[in-house]
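Hi there,

Here is the structure I promised to pass on. Have a look at it first, and then read my notes below.

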There are 2 protein chains.
Amino acid sequence: MATTATAWTAAPRGAAALVWMMAAVPVLAADPPARAQTPRTMDEVLQATTAADWRPLEPENTLYLQLPQGRVVIELAQAFAPLHAANLRTLTRQKYFDGLAILRSQDNFVVQWGDPEGKRSLGDAQARLPPEFTVKATAGLPFEPLADRDGYAPEVGFSQGFPAARDPARGEAWLAHCYAMVGAGRGNEPDSGNGAELYVVTGHAPRQLDRNIALVGRVIKGMELLATQARGSGPMGFYEKPEQYVSITSVRVAADVPVAERENLEVMRTDTASFRQLVEVRRNRRDDWYQVPAGYIDLCNVPIVARPRP
Amino acid sequence: MATTATAWTAAPRGAAALVWMMAAVPVLAADPPARAQTPRTMDEVLQATTAADWRPLEPENTLYLQLPQGRVVIELAQAFAPLHAANLRTLTRQKYFDGLAILRSQDNFVVQWGDPEGKRSLGDAQARLPPEFTVKATAGLPFEPLADRDGYAPEVGFSQGFPAARDPARGEAWLAHCYAMVGAGRGNEPDSGNGAELYVVTGHAPRQLDRNIALVGRVIKGMELLATQARGSGPMGFYEKPEQYVSITSVRVAADVPVAERENLEVMRTDTASFRQLVEVRRNRRDDWYQVPAGYIDLCNVPIVARPRP
């Protein structure tokens, strides 16, 4: 299921859709159900949402990664990695990333970009940052628990639109390595990351990375541009020849881009009754195709939907 | 982590590897550890394996899907979907798939191929098959349990090299929708699948499909050729224009291919002490990079490694 493309879907096609089998994204119902009726599918849930179920992206917390193939929109996780977010804004505003490259694409794992030469100056940005692998799970940190148990953490759920986990005993919370999450590469020393080298999860959630590295955001749009990058033939999916690199045209903070050129997106809130309904219709699929509802949903299988603002 | 590329890795590269961060596939140790030493990493486990830890692919249970970009090797799950495997052999030997196309690529979900026109004759193959969604969990069905709990099934583990699940109370076992698993598309009727339209999981494991559709095998090599197919812009990732289809050059049963043209692969057995060691070093990463071993592993994060036969 696509976390971002969902709300752009319309009606199914002809011949090829005959055996379309598993409706990851059920087709929009012709007649939206009345509010009082319990929604059966994700599209029925989305149809029934109101403006209050959505939030716009904050321009200061949004990055545009421009590739030759198109634009990737990243929302920064300000509450979980404020120092990395600030460093990324500094790097971006210095045009640090412009002309750098995607260096790595490892199948079922990550793509990663940065400086192929490792020579570009960080300018005013920090070279090392305290490891923002976890934050204090204070009362002030929004957290919408998912009822379903998780193997990697005592508790999982959502915090301001990001998949997250929490350990009440340790008083810690952290972001989860789900598909489309963005992290800051580091060396063996925990404080050796700074945001100058970023990776995005393109495969099955590598949750073993949770609490071991700073997640700094999530791809909201354009994930397919990263996920389809040719895999590198070197160890860990690194490209072996410079001509295989994919050049980064630019990275910009949305706030610095003229309004007319910004992406006009909104993201479904994760702290609403509508979102809890969405989780439930995904936990137990009720459309005609399914024979056995799972009765469970894995954190990283919950779609956090984005769409163009109406 | 790549399930198939692992054993092909060698040594890391220069500049770009400086901040390589999370070693999904740790680099081969320069000095293989002695057998007596407990392996710390996956590569140490693999280094210490013997011939008895590996099995060749059975040519009658192996399909070669030839795409313009290269060859995809699929192992059929004979024990879980014998009727689908037989139908696939019949279709393949009639050259049913030759000249058909990849019709769908949905981000973080599946690619799917079949007959764009829906007109090609199935010949001697069955048009409908009993739904092989589960099998009886008899004493004769090999099953290597994974100690880690799972949200989607009472028990998970491995059966003859495939990720699987089991419900002792119902006496049923089934294959799990992990990355690279291959399934047979169907319509709303459970017996409407026949193998003529196949899909492969290219995203986070859509485990909600378990027990709802017949899984028929697993991609052993060439997964990156499927995972990088451009996403379709239509609903559910279907391509909207015939010129976007990716043509299937041919599909062949390996047994029908001259020996010299076969892939010479072996797959790690999933019922050995070495495999249990591999699971453990992935459950608790002990290499220097990790700060916090997860203490848990999700079924679909366990790599089932393939490599060229020595």
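Let me start with a question: is Cys300(A) buried or exposed? Cys300(A) is buried, because its relative accessible area is 5%, under the 20% cut-off for that label. Please keep in mind throughout that this is a predicted model.

**The disulfides**

Two disulfides turn up over all chains. In chain A, Cys178(A) is bonded to Cys300(A), with 2.0 Å between the sulfur atoms. This link is left-handed, with -70° about the S-S bond. Cys178(A) sits in the loop between strand 10 (172-175) and strand 11 of chain A, while Cys300(A) belongs to the loop between helix 4 (273-283) and strand 17 (306-308) of chain A, so the bond ties together parts that are 122 residues apart in sequence. Cys178(A) is buried, with a relative accessible area of 5%.

In chain B, the disulfide runs from Cys178(B) to Cys300(B), with an S to S distance of 2.0 Å. The torsion about its S-S bond is about -70°, which makes this disulfide left-handed. Cys178(B) is in the loop between strand 10 (172-175) and strand 11 (181-184) of chain B, and Cys300(B) is in the loop between helix 4 and strand 17 (306-308) of chain B; the pair therefore connects parts 122 residues apart in sequence. Both Cys178(B) and Cys300(B) are buried.

**Helix 4 of chain B**

Helix 4 of chain B covers residues 273-283, and its buried residues include Phe275(B), Leu278(B), Val279(B) and Val281(B). Among the elements covering the buried residues of this helix are helix 1 (42-47), strand 8 (155-159) and strand 16 (265-268) of chain B.

Arg283(B) counts as buried because its relative accessibility is 14%. Leaving aside residues up to four places away in sequence, Arg283(B) touches Leu146(B), Ala147(B), Asp148(B), Ala294(B), Gly295(B), Tyr296(B) and Ile297(B).

**The sheet in chain A**

Chain A has an open sheet of nine strands, in the order 14-4-5-12-11-13-3-2-15, with antiparallel pairing. Strand 14 (246-247) and strand 15 (250-253) of chain A are the edge strands, each pairing on one side only. Within the sheet, strand 3 (residues 70-76) and strand 13 (residues 214-221) of chain A form an antiparallel pair over four bridges. Glu75(A) stands opposite Arg218(A) of strand 13 of chain A. Helix 2 (residues 82-93) of chain A lies across several strands, including strand 2 (62-67), strand 3 and strand 13 of chain A, and runs at about 120° to strand 15 of chain A.

Best wishes

Terms used:
Residues numbered from 1 in each chain as written. Chains lettered and ligands numbered in written order. Predicted model: local features only at pLDDT ≥ 70, side-chain atom pairs only at ≥ 80, totals over all residues. Heavy atoms only, no water. Buried < 20%, exposed > 50% of the residue type's maximum accessible area, 1.4 Å probe, protein only. Helix = DSSP H or I, 4+ residues; strand = E, 2+ residues; numbered from the N terminus. Contact = heavy atoms within 4.5 Å. Pairing = 2+ DSSP bridges. Axes fitted to C-alpha atoms, helices over the stretch in contact; angles between N-to-C directions. Disulfide = S-S within 2.5 Å.
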